[in-house]
Amino acid sequence: MKNKKKILSQSLLHVVSLALLAVTVFPLLWMVSSSFKTPKELFSNGINLLPKQATWDNYRFVLEKYDFFQWLCNSVITTFGIFAVQVLISLMGAFALNYYRTRWNRIMFYFVLVTMVIPFQVTMIPNYILISNLGLTDTQTAVILPYAANATTFFFLYQQVRSIPKSYYEVARIEGARSTWVFQHVMCGLCKGSVAAVSILTVIDAWNLYFWPLLVLSSPKSRTLTIALKQFADYEVGDNWGPFMATATLASLPVVLAYTFFRRHIIDAFVSSGVKG
């Protein structure tokens, strides 16, 4: 009787898992399939996952008529900039609050945490005014600067740094090591798993940024892939769905390839850091 209940529960779990997988994967498969369809087939009444007559015209149109590689380069620059600056600042902040004890540490810690509950809409206008006054609008720096510090990234790394015994730091200081050496060789070495895990989350978030780049990037040459998709929406002629789907597919490839090649490292990083995605 117990075995029957166990088999039934496992079967039900598999069915639910497959249903969730189908709901998640189907839009991606539809995007890739639509990128190979002709305009006539795209607007047909039937729902065909596989194109009846596959064509590369949508990809050829995007690569020849638009600055796709410029958009890709801009996305890579902004993503790498946000990732590098945000993780470094958060890691340095976590190190400072853990190893340099002052009466202001707790106040500073809670002050940073409070920023986690402040929505982007509240800081959007002040950030835009600041970027505008600095003369940085329509540059990649304008996209990177507001994301240079992130309370969530800081809190995640702070918990990991906090778990490191302070005796490691004290022994290194007794041996004459400077704080920069301890930060680089002791703390960073012991936080590799957490840094890898939070880096993955940071890269994904930075790659998918839409509203802020749309606000500060105006010229076609400075646009990232996410906001470049807006060019395929024409309110007079109609949406150009074929090239739109082709561009969306190409924009998804870097993340998919990164996960394919670094899948084992990504899973190990999440497991070792105690994060479950």
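Tutor: Leaving aside residues up to four places away in sequence, Val 62 touches Phe 68, Phe 232, Pro 243, Ala 246 and Thr 247. This is a predicted model, and in it Val 62 belongs to helix 3, which covers residues 57-65. Val 62 has a relative accessible area of 0%, and because buried means under 20%, this residue counts as buried. Val 62 and Ser 199, in turn, are separated by 137 residues in sequence and by 31 Å in space, taken from C-alpha to C-alpha.

We can now turn to the helix. Helix 8 consists of twelve residues and reaches 16 Å from its first C-alpha to its last, which is close to the 16 Å expected at 1.5 Å a residue. At its N-terminal end, helix 8 is capped by Asn 150, where a side-chain oxygen lies 3.0 Å from the backbone nitrogen of Thr 152. The residues of helix 8 that are buried are Ala 151, Thr 153, Phe 154, Leu 157, Tyr 158 and Val 161. Seen down the helix axis, these buried residues fall within an arc of 150 degrees, so they line one face of helix 8. Among the elements that cover them are helix 4 (68-99), helix 5 (105-114), helix 10 (179-190) and helix 11 (192-207).

Phe 154 and Tyr 158 are both in helix 8 (residues 151-162) and stand four residues apart, about one turn of the helix. A pair of aromatic rings is described by the distance of the centres and the angle of the planes. The structure holds 18 aromatic pairs, and one of them joins Phe 154 and Tyr 158, whose rings are 5.6 Å apart from centre to centre, with 35 degrees between their planes, a tilted arrangement. Phe 154 and Tyr 158 also belong to one aromatic cluster, together with Phe 109, Tyr 110 and Phe 155.

Lys 37 sits over the face of Trp 30, at 4.0 Å from the ring centre. Asp 138, found in the loop between helix 6 (120-133) and helix 7 (140-144), is not a glycine and yet has a positive phi of about 65 degrees. With a relative accessibility of 26%, Asp 138 counts as partly exposed, whereas Phe 154 and Tyr 158 are buried.

Notes
Residues are numbered from 1 along each chain as its sequence is written. This is a predicted model: local features need pLDDT of at least 70, side-chain atom pairs count only at pLDDT 80 or more; totals for chains, interfaces and linings use all residues. Side-chain values use heavy atoms; hydrogens and water are left out. Rings of Phe, Tyr and Trp (its six-membered ring) pair if their centres lie within 6.5 Å; planes under 30 degrees apart count as stacked, over 60 as edge-to-face and the rest as tilted. Helices (H or I, at least four residues) and strands (E, at least two) are DSSP runs, numbered from the N terminus. Buried means under 20% relative accessible area, exposed over 50%, partly exposed in between (1.4 Å probe, protein chains only). A charge sits over a ring if NZ of Lys or CZ of Arg is within 6 Å of the ring centre and within 35 degrees of the ring normal. The expected span of a helix is 1.5 Å times one less than its number of residues. The arc is that of the directions from the helix axis to the C-beta atoms. Contact means heavy atoms within 4.5 Å. A polar contact is a pair of N or O atoms within 3.5 Å; within protein, one must be able to donate a hydrogen and the other to accept it, and residues adjacent in sequence count only if both atoms are side-chain atoms.
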